[in-house]
Amino acid sequence: MPRTREYGVNTYRETMNHHILSVLVQNRPGVLARVAGLFARRGYNIVSLAVAPAENPARSRITIVVDLDSAPLEQITKQLFKLIDVIKISELDPKRSVERELMIATIKAGADQRSEFASLVDIFEGKIIAVSDEVITVSLEGHPDKLDDFEDLLSAYGIVELQRTGRVALPKLDRSARLRVAT
């Protein structure tokens, strides 16, 4: 995904009109291909896509972050509802949802940079998962903005490989539900 950079900081979220859709579908072969095909045929841009079985193993939840500059949200949801395997579509307001993403990255870090790099990983609450003579592999989980910031800092060391999962999201619990769980 191309990003607009300004003074070394990711700014693509401010320049694009994104919405998060949580799509509950039947957990059957080919469903993801049909959803992705619908987006491709219509020319809709998918910014992020994650899918896995839901709380009921007969269903999967697809989290799609869409670029609304490529099509209106209403048009996207109407097209999705035409697919027979789609059960429910929810738009998640970023202010009222919990979003997470996972990143795994291999970074150049010689012996002289290891302690500095380990401190950076600790600050971001990441984990060092593999070490060799010249590179370190790390994992980091968190809000996509946190991963963007970490990725920007990794650039100074030299990114050898990087993979991000795509966003997953659920609605936040309302305040009364959170209080009931805490007691």
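A residue is called buried when its relative accessible area is under 20%, exposed when that area is over 50%, and partly exposed in between (1.4 Å probe, protein chains only). By this definition Leu83 is buried, with a relative accessible area of 17%. The structure is a predicted model, in which local features need pLDDT of at least 70 and side-chain atom pairs count only at pLDDT 80 or more, while totals for chains, interfaces and linings use all residues. Residues are numbered from 1 along each chain as its sequence is written, and side-chain values use heavy atoms, with hydrogens and water left out.

Leu83 sits in the loop between helix 3 (73-81) and strand 6 (86-92); helices (H or I, at least four residues) and strands (E, at least two) are DSSP runs, numbered from the N terminus. Beyond its neighbours within four places in sequence, Leu83 is in contact (heavy atoms within 4.5 Å) with Arg34, Val35 and Leu38.

Thr63, in strand 5 (residues 59-67), is also buried, with a relative accessible area of 3%. Not counting residues up to four places away in sequence, Thr63 touches residues including Ile20, Ser48 and Val168.

Helix 4 (residues 114-123) has Phe117, Leu120 and Val121 as its buried residues. Seen down the helix axis, these fall within an arc of 100°, taken from the directions from the axis to the C-beta atoms, so they line one face of helix 4. The face turned away from this buried side carries the exposed residues Ser115, Asp122 and Ile123. Among the elements covering the buried residues of helix 4 are strand 7 (97-108) and helix 5 (144-154).
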